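Colleague: I've got a structure to look through and I'm new to this. Can we take it one question at a time?

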Amino acid sequence: MSQDSPFSSAAPVLVPMPAERPYTYAVPEGMRVVPGSIVRVPLGPRQVAGVVWDGGAEPVDVRKLRPIEQVFDCPPISRDMRRFVDWVSQYTLSPPGMVARMLLRAPEAFDPEPWTEGVKLTDQRPDRMTGARERVLAAASDGFAWTRSGLAHAAGVSSSVVDGLREQGVFEAVMIPPRPVVAAPDTAYAAAELTPDQRAAADDLRAGVEADGFGVTLLDGVTGSGKTEVYFEAVAAALEKGRQVLILLPEIALTHAFLERFQNRFGVKPAEWHSDLPPRMRERVWRQVAEGAVKVVAGARSALFLPFRELGLIVVDEEHDPAYKQEDRVFYNARDMAVVRAHIGGFPVVLASATPSVESRVNASQERYGRVVLSSRFADAALPDLRTIDMRRSPPARGGFLSPLLLQRMAATLEKGEQSLLFLNRRGYAPLTLCRACGHRFGCPVCSSWLVEHRFRGQLICHHCGHTQKRPDACPECGTLDHLVACGPGVERIAEEVVAHFPEARTIVLSSDIMGGVRRLRLELEAIANGDADIVIGTQLVAKGHNFPNMTLVGVVDADLGLANGDPRASERTFQLLSQVTGRAGRTGKKSLGLLQTYQPDHPVMQAIVSGDSELFYEREIGERERTGLPPFGRLAGLIVSAPTRAEAEGHARALRLAAPNASDIFVLGPAEAPLSLLNGRHRFRLLIHGGRRSDMQGFIKAMLAAGPKVRGQIRVQVDIDPQSFL
DNA sequence: AGTTCGCTGAGT
DNA sequence: CTCAGCGAACTG
């Protein structure tokens with residue numbers, strides 16, 4: 001950028017590793033670098049890409065000083081982006097180098113995209129005409145440049161035909177510039193047809209974008225109220241101003257439907273950004289975002305670190321989704337960092353959700369965020385009738401998990417030729433296996449949580465660390481044969497019960513265990529939407545945004561699951577999940593029903609779901625959190641230590657108490673509560689810090705980090721947001 | 001993060 | 001005395 005003056009003899013360079021500050025490199029005679037320049041520098045024995053940073057180069061022993069090797073021919077990282085990296089680094093207590101690493105994740109993109117060689121028609125005619133040659137000439141008669149293989153393919157001939165013509169001078173070789181990854185969106189492609197409600201909401205958002213300046217709006221609309229079409233109007237407004245737009249989605253790999261909706265409105269698909277993107281595509285998207293050629297990116301949380309030139313709007317869809325939290329290396333919540341990014345850039349953010357997070361609701365009620373409410377569903381999408389089934393009064397048959405009331409409804413639905421969905425957020429067959437002879441329970445040898453039986457695969461699997469073993473026939477403790485029993489239900493076991501009751505029905509199980517990955521899953525979902533199944537049994541992946549037009553019954557097998565797991569957000573998560581799942585029914589125009597099997601029908605979450613009154617839930621939950629000091633109102637600077645085994649967690653907690661004698665509370669969590677990511681990384685344990693004033697915690701954590709190298713290497717911190725702290 | 005350094009303890 | 005195996009330290 002023009003206000004950045006160039007460095008001459010030495011420059012600070014942020015390298016992609018956990019450096020606390022930029023390193024100083026010599027700038028060779030005649031080389032020109034400015035803050036933001038992407039450079040290749042020697043680091044120890046290797047060469048890495050780094051970013052020239054701001055501020056003066058700190059003086060360093062000339063014998064240590066090494067020269068910048070190369071300045072990449074690439075737009076420099078903007079000043080806003082550099083401030084963002086510094087801010088995220090401070091806020092997350094991660095070294096700035098590690099944050100910078102996230103924006104240098106496309107190493108091949110730093111060199112300009114190569115032009116490819118192609119061919120173009122000349123005035124020369126071929127010596128002899130053949131059928132193949134005629135087709136090639138016809139295909140190329142538009143006068144544009146073609147790639148050899150592209151032309152051959154279009155003409156239905158082999159590329160040697162093209163080569164032959166080129167040798168005769170019928171074609172000349174030309175260089176073709178890199179093709180854009182996506183065409184420019186057309187804001188006038190298909191003007192939105194909006195209801196008066198939606199129109200009012202869209203105008204609100206549009207006004208925010210047109211006013212040009214920072215602001216956060218919570219777009220709060222029930223499932224099926226058309227949130228997407230409404231925020232597309234804000235996207236259009238930003239595009240009309242010539243700005244770039246970022247739309248964050250929780251799990252981009254499964255959001256095929258979203259891309260289509262975008263295309264219906266803007267005529268083209270947005271550029272995608274997520275971890276499954278092929279490397280070549282990844283580079284091109286990165287480069288073209290940096291050059292400003294890509295106008296709209298739909299991406300996962302890491303898209304927040306793309307080097308936008310003229311970012312003018314961020315939309316965070318499903319803002320409550322836990323997938324926005326990154327829980328390794330740099331711990332951050334992309335939703336909150338999006339707000340920060342917008343604050344730095346001076347442009348608006350839209351947070352959209354049918355079930356907003358409690359933090360966002362609090363921010364809205366305290367008027368730090370604006371709030372736009374969409375209350376009505378589309379005309380053909382009636383709300384489902386929602387009821388609880390009190391499992392104390394209508395218990396399942398012995399050995400079963402489905403209440404007679406639910407089975408009765410399933411039978412009626414099947415009779416009508418409509419589909420049922422049974423939801424249970426637990427993979428596998430049974431969460432615990434034990435020996436009836438001696439009482440031995442199968443625990444994971446690596447991390448001491450229970451092994452989950454997967455009967456289809458004949459395996460016992462630890463859902464915690466991924467440890468797998470074959471399910472034995474005999475008890476390893478007492479040797480008794482055939483006395484192992486499964487305790488509790490998983491989706492496979494529910495499927496068994498369903499097949500026993502409805503042998504003639506087409507039953508399908510959907511969980512992340514299915515073989516064949518995302519592609520297969522998409523096919524299965526399509527098949528269900530086409531009516532190729534009568535009863536679907538699924539884990540939480542069926543809760544996410546798919547439309548099944550003939551699905552008129554949703555049964556939640558265990559609505560209480562997740563309410564009693566020690567997570568301070570247990571109620572909130574359960575409310576959000578149950579809202580989403582029951583929202584799968586009633587999008588059909590047909591009369592539909594949602595049934596929740598629960599032992600706590602009076603629990604506020606069940607009451608809120610059944611009454612359809614989410615205000616009821618939020619008011620209660622916010623009051624409860626204020627009272628107990630849980631996030632976002634926390635008053636305690638408490639630590640939660642979690643580790644692969646309880647004994648280990650306790651050991652670490654003891655060490656932390658010694659290192660930080662002034663810590664108010666150190667809680668210990670066993671393996672059942674420790675997140676999966678814990679064991680995949682290299683660290684041994686992690687700290688979760690809930691509540692408290694951020695500044696207090698930062699001081700506290702820094703004191704602890706200063707306490708010694710033993711603690712330093714192992715601490716990972718995740719801080720729950722104090723809603724004021726990032727504005 | 002990725003690499004080298006240096007200590008410990010088992011092995012020739 | 002050598003060397004694998006591991007944790008700690010350093011990278012400009």
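**Sheets, helices and DNA**

Colleague: How many bridges join strand β12 (residues 311-317) to strand β15 (residues 348-353)?

Modeller: These two strands run parallel. A strand here is a DSSP run of E with at least two residues, a helix is a run of H or I with at least four, and both are numbered from the N terminus. Two strands pair if DSSP finds at least two bridges between them. For β12 and β15, the number of bridges is four.

Colleague: Before we go on, what kind of model is this?

Modeller: Residues are numbered from 1 along each chain as its sequence is written, while chains are lettered from A and ligands numbered from 1 in the order in which they are written. Side-chain values use heavy atoms, with hydrogens and water left out; local features need pLDDT of at least 70, side-chain atom pairs count only at pLDDT 80 or more, and totals for chains, interfaces and linings use all residues, the model being predicted.

Colleague: Which strands sit at the edges of the open sheet of seven strands?

Modeller: The order in that sheet is β10-β11-β9-β12-β15-β8-β16, and the pairing is parallel. An edge strand pairs on one side only, and that goes for β10 (271-273) and β16 (370-374). From one strand to the next, the twist averages 20°. So, back to your question: the edges are β10 and β16.

Colleague: At about what angle does helix α7 (residues 227-240) run to β12?

Modeller: Helix α7 lies across β8, β9 (244-248), β11 (296-299), β12, β15 and β16; contact means heavy atoms within 4.5 Å. Angles run from 0 to 180 degrees between N-to-C directions, using axes fitted to C-alpha atoms, for helices over the stretch in contact. Helix α6 (residues 196-211) also lies across β8 (215-221), β12, β15 and β16, at about 155° to β16. For α7 and β12, the angle is about 170°.

Colleague: Are helices α16 and α17 roughly parallel or antiparallel?

Modeller: The axes of α16 (residues 604-611) and α17 (residues 614-628) come within 7 Å and cross at roughly 155°. Angles under 35 degrees count as roughly parallel, over 145 as roughly antiparallel, 65 to 115 as roughly perpendicular and the rest as oblique. The two helices are therefore roughly antiparallel.

Colleague: Which residues of α17 meet α16?

Modeller: From α16, the residues involved are Pro604, Val605, Gln607, Ala608 and Ser611. Facing them in α17 are Leu616, Phe617 and Arg620.

Colleague: Which element gives the most residues to the surface near DNA strand C?

Modeller: A residue is near a strand if one of its heavy atoms lies within 4 Å of it. There are 15 residues around DNA strand C, and Thr24, Gly44, Glu58, Lys64 and Arg66 come nearest. Sugar and phosphate make up 44% of the DNA strand C atoms within 4 Å of the protein. With three residues, the element giving the most is β2.

Colleague: How far is a polar side-chain atom of Arg66 from a phosphate oxygen of DNA strand C?

Modeller: A polar contact is a pair of N or O atoms within 3.5 Å; within protein, one must be able to donate a hydrogen and the other to accept it, and residues adjacent in sequence count only if both atoms are side-chain atoms. Base nitrogens of DNA strand C come into this too, at 3.3 Å from a side-chain N or O of Arg21 and at 3.0 Å from one of Glu58. For Arg66 and the phosphate oxygen, the distance is 2.3 Å.

Colleague: What share of the DNA strand B atoms within 4 Å of the protein belongs to sugar or phosphate?

Modeller: Eight residues surround DNA strand B, the closest being Met17, Pro18, Pro45, Arg46 and Met98. Bases supply the rest of those DNA atoms, and the sugar or phosphate share is 60%.
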